[in-house]
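Please work through each one before reading its solution.

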Amino acid sequence: MQDRYQRTIEYVRISVTDRCNLRCRYCMPEQGVEKMCHADILRFDEILRVIRALSALGVRKVRLTGGEPLVRKGILDLIREIRRIQGIEVISLTTNGVLLPEMAAGLRAAGLDSVNVSLDSLDEETFSFLTRRPLLSRVEEGLRALEEAGFQDTKINCVPLAGVNEADVLKLAELARVKPLNVRYIELMPVGCAYEAGLRGMPMAEVRRRLQEAFGAFSPVRPGVSLRGPAEYVQPAGFAGKLGFIDAMGHKFCQTCNRVRLTAGGFLKLCLHAGTGLDVRELLRAGVDDRELLAALSHAVYNKPAEHHFLEPGEKQDSRYMYQVGG
């Protein structure tokens with residue numbers, strides 16, 4: 001499936017819930033959020049129907065997100081059913097890691113291929129400040145549980161924040177030195193409440209400089225299959241794992257974007273910046289047949305925007321918080 005700019009769209013990120021057991025400062029406002037009614041969230045049968053349609057159009061990778069996807073009751077059953085869909089080659093999940101100690105083995109048995117863990121700090125005080133929950137030990141236990149369950153290619157996602165978790169840039173990289181983990185540094189995006197909370201991202205050039213100063217020259221890692229995400233990977237000498245950089249602001253990768261997002265409420269987002277897309281829930285609940293669903297999805301994807309415009313003043317962007325979009 002291609003859009004009008006000849007990009008092949010083969011990756012969908014699906015938010016299965018807007019609920020979360022953390023309250024990260026760059027994701028949710030301090031006063032909390034108004035949760036969606038259960039009836040407004042896509043049912044699993046609806047999610048599966050959309051995935052089957054997207055698979056028929058050429059999508060091969062599904063990533064489950066939230067909110068926190070592991071708080072959605074029945075998530076293991078959903079993964080098992082996705083695994084049965086012809087054409088889907090990779091199923092991955094992004095989590096804050098809090099529930100992994102109990103769920104890692106079950107996720108592996110259900111057919112999940114890989115896990116990304118959002119972890120911005122290895123310091124208990126900094127972690128508690130950022131997430132508003134003292135649960136770092138649970139996440140660390142969850143990482144061990146992933147290893148014991150046999151997961152490969154585990155990724156740790158860190159958002160470097162000026163004056164907050166700068167020391168963790170090197171601390172997290174140390175994890176990739178001794179274990180085959182991929183530690184990725186993600187540029188803070190102007191989505192949701194990060195700037196309202198007074199947070200500012202570290203320039204990615206500074207992140208790279210500190211890492212090279214500490215660990216030496218980087219060896220670029222040649223990208224693998226087209227189903228990969230947007231990260232640029234490198235490997236310092238002596239590292240068991242890799243370091244990755246995702247800087248959508250500093251270095252746009254829109255021309256190679258291969259993905260779309262489906263929110264928990266059933267809205268197909270074509271670009272993280274834009275509010276345009278397709279209300280899939282409305283179509284499904286209006287009784288659309290499979291042929292009409294395929295046509296609507298194909299038409300929407302064809303009109304995927306050429307690029308984001310985060311840095312252009314006056315450009316209207318989606319007002320959803322990150323927990324609503326799907327991390």
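**Exercise 1.** Determine how strand 7 and strand 8 (residues 232–236) run relative to one another, parallel or antiparallel, and how many bridges join them.

*Solution.* Step 1: strand 7 and strand 8 run antiparallel and are joined by three bridges; two strands count as paired if DSSP finds at least two bridges between them. Strands here are DSSP runs of E with at least two residues, and helices are runs of H or I with at least four, both numbered from the N terminus. Step 2: S219 has Q235 in strand 8 as its bridge partner. Step 3: strand 8 is also joined to strand 9 by three bridges, again in antiparallel orientation. Y233 has G244 in strand 9 as its bridge partner. Step 4: five residues lie between the strands of the hairpin of strand 8 and strand 9, where G238 takes a positive phi near 85 degrees.

The model is predicted: local features need pLDDT of at least 70, side-chain atom pairs count only at pLDDT 80 or more, and totals for chains, interfaces and linings use all residues. Residues are numbered from 1 along each chain as its sequence is written, and side-chain values use heavy atoms, with hydrogens and water left out.

**Exercise 2.** Identify which residues ring pairs link into a cluster.

*Solution.* Step 1: a search of the whole structure finds three aromatic pairs. Rings of Phe, Tyr and Trp (its six-membered ring) pair if their centres lie within 6.5 Å; planes under 30 degrees apart count as stacked, over 60 as edge-to-face and the rest as tilted. Step 2: Y185 and F245 are stacked, at 6.0 Å centre to centre with 25 degrees between the planes. This pair links Y185 in strand 6 (residues 182–186) to F245 in strand 9 (residues 242–246), 60 residues apart. Step 3: F218 and F245 form a tilted pair, with 6.0 Å between centres and 35 degrees between planes. Because F218 lies in strand 7 (residues 218–220) and F245 in strand 9, the pair ties together parts that are 27 residues apart in sequence. Buried means under 20% relative accessible area, exposed over 50%, and partly exposed in between (1.4 Å probe, protein chains only). Y185 is buried at 0%, F245 at 1% and F218 at 17%. Step 5: the charged end of R208 sits over the ring of F245, 4.4 Å from its centre; the criterion is NZ of Lys or CZ of Arg within 6 Å of the ring centre and within 35 degrees of the ring normal.

**Exercise 3.** State which residues touch the most other members of the largest nonpolar core.

*Solution.* Step 1: a nonpolar core is a set of buried Ala, Val, Leu, Ile, Met, Phe, Trp, Tyr and Cys residues joined through side-chain atoms within 4.5 Å. Step 2: the largest core has 92 residues, of which L64, Y185, L211, L243 and L268 touch the most other members. Helix 1 (residues 44–56) contributes the largest share of this core, seven residues. Step 3: beyond neighbours within four places in sequence, L268 is in contact (heavy atoms within 4.5 Å) with residues including V260, L262, L278 and L297. Step 4: L64 stands opposite L93 in strand 3.
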